[in-house]
Structure formats: structure tokens, C-alpha cells
Amino acid sequence: MTAIETIEQLEAIYGQPGEAATIKVAHRITPSYRALIESSPFAILATCGEEGLDCSPRGDLPGFVRVHDDLTLIIPDRRGNNRIDSLRNLIRDPRAALLFLIPGSGTTLRVNGRALVSADPELLASFDVEGKTPRSVIVMTVEEIYFQCARAIIRSYLWDPGRHVDLKTLPTPGEILAEMSKSRVGGEEYDKAWLERARQTMW
């Protein structure tokens, strides 16, 4: 296999982007981009650390990523598995990126910038849900923001229920854990208990 090794080789294959691909880039949160962020219940957070790159799913009620001002986003770190990979990375390297998805829409939104982790009590309290606050928040300074066209969503039929995978054909979390731990962790009981455990620890 021959690898492409220079930008010149790459550009010879792809050419230059059209005006629509470049004019959409902003360096602040515009009113249109704010509307997309506030409609999104799901984003993927990309960070970089000593061990390499990482992508982490973030989901909550639509608009869970707060637009503080036209240069700042604030993301609550809700309950999870306590691996805190993204937070560890941000402590060491502030570079971060977000990809927002909106159910039913082909448009996605990409945000690049720098972020810090805060445990400011007043800020945490402002994200209270059912009496529960996140243990930290991510405060991201936007450096670049732009929408992505719908081709990937269309090609993948992502929002088409008729194309959804039959869950019975997939390994369950309990089965994966049992496989990885030689049945020390996981199994059928893990799967049975998970929904209730998640319900009790959602926030």
C-alpha cells in the first residue's frame, strides 16, 4: 500500500474546497450556530492526552451544552463510569473539539477550541437537575465553528428507523464484560440490573 505523504499529493487528488465549504467557518458562535447547539441533545467530545486521542459521547436534554456568550460553551460532566479520560486529557492539553448531532436533522455542527475543567460551586449549582449537580463542568473557548453538510447522515441512514440494527444481533454490555473478564464481571445479571441502575444514577 502506498501512503500519501504530502499535502501537495493530497490536494492533487481533492483539489480546493468550494466557497460554501469555507465561508461557513466562524470564530464565534453566530445566532444560527447557537440555534443548532441549543437543539442538540448529543455531542461527541474529542480530546488529546499523553496516551493519544479520545472521543467521548455526551448526552442530556436538548441545549445541555450552555452557550455562555459568543465565545464560550459550558458542558456539565454528568454521571458516568468515572474513567474521566476526557477530563484527564484536558488538564494536560486544553485542545478540544465537539461534534453536535440533532435527531432527525442531517446537519451536524463542529466546534474546535480550548477547554478547562472547573468545579466552581456556583457554576455546578446552575446545572442542577433533580437536586443533583455535576461534579465538574468543561468550559470551552470557541476558536472555530461550522456546520457539516448532511451527506454522512444521508449515506448512513442514521435517523431511519427502518435501518436500525436488530439489537438481538449485537453483544450486550454484560456479554462483553463477561468475555473480557472471563466471566468475573458482567453476564446476564449485569444486563438485567443495568436499566434500573442507570435510572437511579442518571444525573
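Arg 58 is buried, with a relative accessible area of 12%; buried means under 20% relative accessible area, exposed means over 50%, and partly exposed is what falls in between (1.4 Å probe, protein chains only). Before we go on, keep in mind that this is a predicted model, where local features need pLDDT of at least 70, side-chain atom pairs count only at pLDDT 80 or more, and totals for chains, interfaces and linings use all residues. Residues are numbered from 1 along each chain as its sequence is written, and side-chain values use heavy atoms, with hydrogens and water left out.

Back to Arg 58 and its partner. Arg 58 makes a salt bridge with Asp 77, with the closest N and O atoms 2.4 Å apart. A salt bridge here is a side-chain nitrogen of Lys or Arg within 4 Å of a carboxyl oxygen of Asp or Glu. This pair ties together distant parts of the chain: Arg 58 sits in strand S2 (residues 52-59) and Asp 77 in strand S4 (residues 72-77), 19 residues apart. Asp 77 is buried too, at a relative accessible area of 15%. In total, the salt-bridge count comes to 11.

Now zoom out. The secondary structure comes to eight helices and seven strands; these are DSSP runs numbered from the N terminus, with helices being H or I of at least four residues and strands being E of at least two. The C-alpha trace spans about 55 × 50 × 40 Å along its principal axes. Of the 203 residues, 32% are buried. If you take the contacts (heavy atoms within 4.5 Å) between residues at least 6 apart in sequence, 63% of them join residues at least 24 apart. The protein exposes about 13,700 Å², and carbon and sulfur atoms supply 56% of that; accessible areas come from the Shrake-Rupley method with a 1.4 Å probe, and for residues only the protein chains shown count as cover.

S5 (residues 95-101) runs antiparallel to S6 (residues 108-118), and the two pair over six bridges; strands count as paired if DSSP finds at least two bridges between them. Across this pairing, Leu 99 stands opposite Arg 110 in S6. The hairpin of S5 and S6 has six residues between the strands, and Gly 104 there takes a positive phi near 90 degrees. S6 also pairs with S7 (residues 136-148), again in the antiparallel sense, over 11 bridges.

Arg 199 is exposed at 55% relative accessible area, while Glu 196 is partly exposed at 37%. Why does such spacing work? An α-helix has 3.6 residues a turn, so residues three or four places apart point the same way.

Most residues other than glycine have a negative phi. Lys 182, though, has a positive phi of about 55 degrees without being a glycine. Lys 182 lies in the loop between H7 and H8 and counts as exposed at 78% relative accessibility. Ile 84 also has a positive phi, near 45 degrees. Ile 84 belongs to the loop between S4 and helix H4 (85-92), and at 38% relative accessibility Ile 84 counts as partly exposed.
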